[in-house]
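Here is a friendly note to read alongside the model. Take the points one by one, and keep the 3D view open as you go.

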Amino acid sequence: MPVTPFVLTTLAGLSTGLGGVIAALFRPTPRLLAFCGGFAGAVMVTVSLADLAPSVMEFYGQSLSPLGCGFAVAGLLLGGMLTALFLGKALPGEETLAARFGSRAQGAAMRTALVTGAALLLHNLPEGILTLVSGVADPSMGARTALAIALHNIPEGLAVAVPFACATGSRGKGAAAALASGLAEPAGALLAWLFLRNFVTPGLLNGIVALVAGIMLWVAADQLLPTAFEPDNRKTGVVGFAFGTLVMILGIAALN
């Protein structure tokens with residue numbers, strides 16, 4: 001196992017836990033939930049459409065016609081969205097969670113935390129593979145990849161920790177849930193090195209990137225942004241969305 005790429009992958013995953021720690025510093029309120037939902041939703045949408053999808057289109061554009069490239073990338077994004085959709089259907093509904101946690105608001109918050117956390121587990125596994133492989137092939141590119149992933153993992157940690165804390169009343173449990181979702185990243189790297197290292201190709205990696213982008217787009221549209229734009233705290237959610245978009249545009253520009 002190459003030590004430096006694995007350490008970078010682990011640090012990138014642990015940054016999700018950093019988002020959970022940041023969330024634990026504030027009392028969980030509906031306004032904070034709206035702001036974090038808008039911020040994290042914007043991060044996922046911006047990363048997917050301004051960074052991941054363009055890089056995949058550039059890769060497939062080298063061997064496919066423009067229309068064929070578009071269909072290939074759109075199909076992979078759709079695959080990621082359907083994965084997130086079916087995952088959401090497999091998890092408990094709001095009414096079930098409301099009966100367990102005491103109110104509809106707490107049930108809705110826990111539903112958001114579960115769907116977002118499960119989606120993060122799915123997309124952190126291939127992200128771990130991507131970071132490790134990038135670091136082995138080119139250490140400087142691996143470092144940039146790890147930094148880019150760490151930056152967008154922080155708000156993703158917020159997106160898990162805040163609704164979890166709102167549902168359970170425990171900031172510590174929210175931070176722990178965020179950390180658990182981030183640990184999938186080094187786990188993905190370890191599994192890739194043990195079982196997949198002879199099968200990983202640029203085509204496979206770019207396909208995984210597109211699937212990850214589709215998952216993030218669905219989770220943002222289905223869970224995070226509806227929470228952010230609830231009528232009672234809509235302005236706060238919009239501010240979070242604007243802030244998240246601007247931060248990620250600056251981050252993408254700085255890392256390219």
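1. How much space lies in the second largest pocket? About 510 Å³. A pocket here is an open set of points on a 1 Å grid over the protein atoms alone, with protein on both sides within 12 Å along at least five of seven lines, and lining residues have an atom within 4 Å of a point. Volume is the space filled by probe spheres set on the points, which are joined across faces, edges and corners.

2. Before going on, please note that this is a predicted model, in which local features need pLDDT of at least 70, side-chain atom pairs count only at pLDDT 80 or more, and totals for chains, interfaces and linings use all residues. Residues are numbered from 1 along each chain as its sequence is written, and side-chain values use heavy atoms, with hydrogens and water left out.

3. Back to the second largest pocket: 22 residues line it, and Leu33, Ala105, Ala108, Thr227 and Glu230 lie nearest its centre. Helices H2 (30-61), H5 (104-137) and H9 (202-228) each give two or more residues to this lining; helices are DSSP runs (H or I, at least four residues) numbered from the N terminus. H5 gives the largest share, six residues.

4. Now look for the second largest cavity, with a volume of about 40 Å³. A cavity is a set of grid points where a 1.4 Å probe fits but cannot get out. Leu33, Cys36, Gly37, Thr112, Ala159, Pro163 and Leu224 line this cavity, and H2 supplies the largest share, three residues.

5. Is Phe71 buried or exposed? Phe71 lies in helix H3 and counts as exposed, because its relative accessibility is 60%.

6. Finally, the largest nonpolar core has 44 residues, and Met44, Leu52, Val162 and Val219 have the most contacts inside it. Such a core is a set of buried Ala, Val, Leu, Ile, Met, Phe, Trp, Tyr and Cys residues joined through side-chain atoms within 4.5 Å. Leaving out residues up to four places away in sequence, Leu52 touches Val47, Val209, Val212, Ala213 and Met216, where contact means heavy atoms within 4.5 Å.

Terms used. Buried < 20%, exposed > 50% of the residue type's maximum accessible area, 1.4 Å probe, protein only.
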